[in-house]
Amino acid sequence: MNTAVNYRMLGNSPEFTTLLRSLDIAAATDVAVILLGESGTGKELLARQIHCKSSRADAPFVAINCAALPEGLAESEFFGHAKGAFTGAVSDNPGRISQAEGGTLFLDEVGEMSLDIQAKLLRFLESGEFQPVGSLKQRHANVRLIAATNADLREKVKQGSFREDLYYRLNIVPFHVPPLRERSGDVELLMASITRDLAEQYKLPAPSYTKAAMACLRSHDWPGNVRELRNLCERMLILFSGREIDEGNLPREIRHQHRKQWTFSLPDTGICLEDLEKELLQQALEKADGNQSKAARILGLTRYAFMYRLKKYQLQ
Amino acid sequence: MEIGYLGAFLMGLFGALHCVGMCGSIMGVLTFSLPRETRQHAGRLLGYLGYYNFGRIISYCLAGSLAGAFGSGLLLRVSPQYGHSILLLFATILMVAVGFYLAGWFPGLAHIERAGAPIWRKLEPLGRKLLPVKSPLQALLYGLIWGWLPCGLVYSALFIALGQGSAFQGALFMLLFGLGTLPAVVTTGVFADQIMRIARNPRMRIIAGIALIVFALTGLIVNW
């Protein structure tokens with residue numbers, strides 16, 4: 001639970017600044033919004049920013065990760081419980097919705113809620129009322145809802161794992177958070193800023209990146225988005241503090257993606273191309289039980305080209 | 001007037017498909033932040049949507065008249081004889097660039113929106129004071145501010161308005177552009193999901209981009 005803190009969102013790309021401007025407008029209203037985007041794009045930080053810029057900034061911001069709630073405890077976690085409602089309920093628990101009173105309730109991974117909780121949440125969203133577990137009293141809460149998901153909720157509705165009525169209730173104003181690979185120019189900005197912050201935190205001199213390394217990072221797909229970038233910055237800072245990082249120092253998965261998805265991986269020690277070609281020809285012959293036409297087809301060669309190579313390497 | 005008013009309308013119509021991600025969400029926020037009784041009354045809701053967009057288009061016209069006046073002055077100074085041809089070529093190149101932008105082949109065009117960021121920083125706090133909107137006047141005033149929201153597509157249209165020859169024609173060009181954006185922006189406030197799906201379909205965006213490129217090049221050939 002957090003009260004107002006100024007969360008600075010880093011990004012200079014038109015794709016991201018456009019989103020920030022739209023969210024600023026949303027923050028000035030009390031409309032429920034849903035943030036749609038891949039994992040690691042900063043949905044929770046954006047939700048906190050909406051809260052901090054809203055008229056509810058002085059009230060609590062309560063975040064619930066719906067995917068992390070244990071099935072049996074979800075209802076109690078959301079709506080609270082009365083003392084003695086179940087084994088282990090030794091005292092009253094107000095629940096997260098009550099804790100967010102007057103403020104913002106952020107539901108992360110909203111697509112992962114059970115159908116039972118979805119029904120109860122829908123009722124709360126429509127009437128503002130809910131019933132704690134084991135209590136006969138209806139309670140009321142005034143909260144602003146911000147939801148987030150990286151799942152395709154419409155697909156979940158089709159599969160029957162997400163209520164259609166809740167989908168329409170949440171999907172009133174959707175905002176698409178762009179993945180890092182679509183944020184032109186933001187990789188350099190984030191790398192510099194995050195590295196600087198981490199260097200200060202770890203009290204280590206920040207490393208620098210060569211042009212080739214930066215080009216490689218720019219063309220990386222960043223499937224883990226800003227979270228992945230932050231982890232990389234941390235790793236590079238610890239391994240190369242105060243030094244210059246070249247393309248070769250970057251993790252293998254980033255270097256390889258930058259180059260191309262090769263069918264074969266060339267070992268660092270190198271190979272003899274002729275030996276490899278001989279070996280491939282022999283393997284093809286073995287697989288084809290000595291049938292040269294079939295072996296040629298396996299290697300994508302004409303029979304003539306295959307025969308020529310056999311002759312060249314004296315393999316017949 | 002070389003790139004015609006029809007071009008301005010088409011640019012708004014096709015372009016809004018691309019910008020619906022931003023303006024559609026804003027329209028959604030503005031619609032759903034209205035009092036419940038207003039939203040439940042179709043006539044009243046439509047009235048508010050009209051005020052928002054009327055304000056937005058007035059701002060486009062104002063910016064268009066400034067661009068038109070500035071452009072015509074520049075034209076007389078630089079080259080009265082060939083000025084129109086230069087501006088026609090300039091406008092065509094820009095419209096083709098917008099076509100490429102819509103199709104997703106030239107995302108760099110979006111960077112021109114940075115030019116308007118300083119104005120928006122000054123206007124945005126005024127806009128916040130008007131939210132949540134409770135009266136038609138507030139809706140109109142908010143629309144006037146919304147019209148200055150940085151947008152690559154609007155700025156491209158303004159560059160073309162530079163060559164329209166006068167303040168009036170510049171304003172008219174931007175009026176048609178604004179009217180072109182209406183169908184997508186207004187309906188997104190109500191049918192966000194469906195419109196977003198169309199707008200995010202790369203094939204639709206390519207078709208819109210190519211249509212605008214073809215239109216711009218045809219205009220160049222006809223008017224040259």
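Predicted model: local features only at pLDDT ≥ 70, side-chain atom pairs only at ≥ 80, totals over all residues.
Tutor: Local features here need pLDDT of at least 70, side-chain atom pairs count only at pLDDT 80 or more, and totals for chains, interfaces and linings use all residues. Residues are numbered from 1 along each chain as its sequence is written, and chains are lettered from A in the order in which they are written.

Student: Why is α4(B) called roughly antiparallel to α7(B)?

Tutor: Helix α4 (residues 83–103) and helix α7 (residues 152–161) of chain B pack at an angle of about 165°. Angles between N-to-C directions run from 0 to 180 degrees, and those over 145 count as roughly antiparallel, so the term applies to α4(B) and α7(B).

Student: Which residues of α7(B) make the contact with α4(B)?

Tutor: They are G152(B), L153(B), S156(B), F159(B) and I160(B). Residues are in contact if their C-beta atoms, placed from the backbone, lie within 7 Å.

Student: What makes β2 and β7 of chain A edge strands?

Tutor: The open sheet has the order β2-β3-β6-β1-β7 in chain A, with parallel pairing. β2 (61–65) and β7 each have a single partner strand, so one side of each is left without a neighbour in the sheet.

Student: How do you know that β1 pairs with β7 in chain A?

Tutor: Two strands (DSSP runs of E, at least two residues) pair if DSSP finds at least two bridges between them. Four bridges join β1 (residues 33–36) of chain A to β7(A).

Methods
Parallel < 35°, antiparallel > 145°, perpendicular 65-115°, else oblique. Contact = placed C-beta atoms within 7 Å.
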